[in-house]
Amino acid sequence: MNAAFLILSLLAVAGALLAIRLHNLVHATLSLMFFFVALAGLFVLLMAEFIAAVQILVYVGAVGILILFAIMLTPHVTGENHGRLCSRGWIWGLAGAGAVFLILIAPVLLMAGLDTPPATAALSPSVREIGLVLMTPYGIALLVMALLLTAALVGAVVAASPPARDKDEPKP
Amino acid sequence: MVTLQHYLILSAVLFSIGLLGVLTRRHAVIVLIGIEIMLNAANLNLIAFWRFGPHLENFEGLLFTLFSIAVAAAEASVGLALVIAVYRHFKTPDVEKMNTLRE
């Protein structure tokens, strides 16, 4: 097995496990960003360099920092959580996750007996080719995506802003 | 030689870890982090199927992942805004205490 794949997958699994098991939220978010970087390395192994760059830009640069800011700007959310880590029915959660894992892994293991198609010859898509494909057949989808991102931006601002005080309401 | 199966197994493991975080943790932000891990596992699956599939020149897996990342970014921003709004209402980030509909 390829050593790079082994190292990167171990790093990704470790980062994901730490992200959901750590008590401190800031540490959990940092290990989540570590997981994103390891996954970007796996994308490079799969010859998707552009997606790896997008992964770093969007996830590590935007989503991770967004979560960090949301944690740090909200009082009492940050810091150590000294109470119970898990919810009351955590054993059922564990059982459900294990069952989903078995269902996901069963087709893979059943397929292992068949001969799998070998990876086709190396083809490193340039950004220009991806952009051309993105513009011609997927132009409508790109426009819809821009609309979705705008709606998400407006919706996030509306949802996160504090409720407006009624002007007629007497001040306490 | 790394084959498609290795990537599928890795992606299943990552998806289960994310699901475990969503199902067992009490903090709302950690639940959101688990959802992000699950989305990334699905993206890895898409890229792996594209890489080991017969038609690399169409970039279908790449573009699907690109759109998926954009949707995930929108989901993360709206999700965090909702977590902050719910926190402001309930004064706690604990998802076990947000049970007004049940009572």
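What separates the centres of domain 1 of chain A and domain 2 of chain A, taken over C-alpha atoms? Keep that in mind while you get set up. One thing to know before you click around: this model is predicted.

**Stop 1: the two domains of chain A**

Select residues 1-79 of chain A for domain 1, then residues 125-159 for domain 2. Now for the opening question: the two centres sit 23 Å apart, going by C-alpha atoms.

**Stop 2: a loop in chain A**

Zoom in on A:Met47. You'll find this residue in the loop that links helix H2 (25-45) and helix H3 (49-73) of chain A. Check the backbone here: phi of A:Met47 is near 65°, which is a positive value in a residue that isn't glycine. Is A:Met47 buried or partly exposed? Count the other C-beta atoms within 10 Å and you get 19; a residue needs 20 or more to be buried, so A:Met47 is partly exposed.

**Stop 3: chain B by itself**

**Stop 4: where the chains touch**

Bring chain A back. The contact takes 71 residues from chain A and 61 residues from chain B. On the chain B side, select helix H1 (4-24), helix H2 (28-51) and helix H3 (60-90), each of which gives two or more residues. H3(B) supplies the largest share of that side, with 20 residues. Colour the chain B side by class and you'll get 42 nonpolar, 12 polar and 7 charged residues.

**Stop 5: the nonpolar core**

Now select A:Phe35, A:Leu39, A:Phe43, B:Val29, B:Ile33, B:Ile37 and B:Ile47. In the largest nonpolar core, which has 69 residues, these touch the most other members. Helices H1 (3-21), H2, H3 and H6 (139-160) of chain A, along with H1, H2 and H3 of chain B, each supply at least two core residues. H2(B) gives the most, 15 residues.

Skip its neighbours within four places in sequence, and A:Phe43 is in contact with A:Ala48, A:Ile51, A:Ala52, A:Gln55 and, over on chain B, B:Ile47.

How values were computed: Residues are numbered from 1 along each chain as its sequence is written. Chains are lettered from A and ligands numbered from 1 in the order in which they are written. This is a predicted model: local features need pLDDT of at least 70, side-chain atom pairs count only at pLDDT 80 or more; totals for chains, interfaces and linings use all residues. Two residues are in contact if their C-beta atoms, placed from the backbone, lie within 7 Å. Helices (H or I, at least four residues) and strands (E, at least two) are DSSP runs, numbered from the N terminus. Ala, Val, Leu, Ile, Met, Phe, Trp, Tyr, Cys and Pro count as nonpolar, Asp, Glu, Lys and Arg as charged, and the others, Gly among them, as polar. Domain bounds come from an automatic or database domain assignment. A residue is buried if 20 or more other C-beta atoms lie within 10 Å of its own, exposed if 12 or fewer, and partly exposed in between; C-beta atoms are placed from the backbone. A nonpolar core is a set of buried Ala, Val, Leu, Ile, Met, Phe, Trp, Tyr and Cys residues joined through C-beta atoms within 7 Å.
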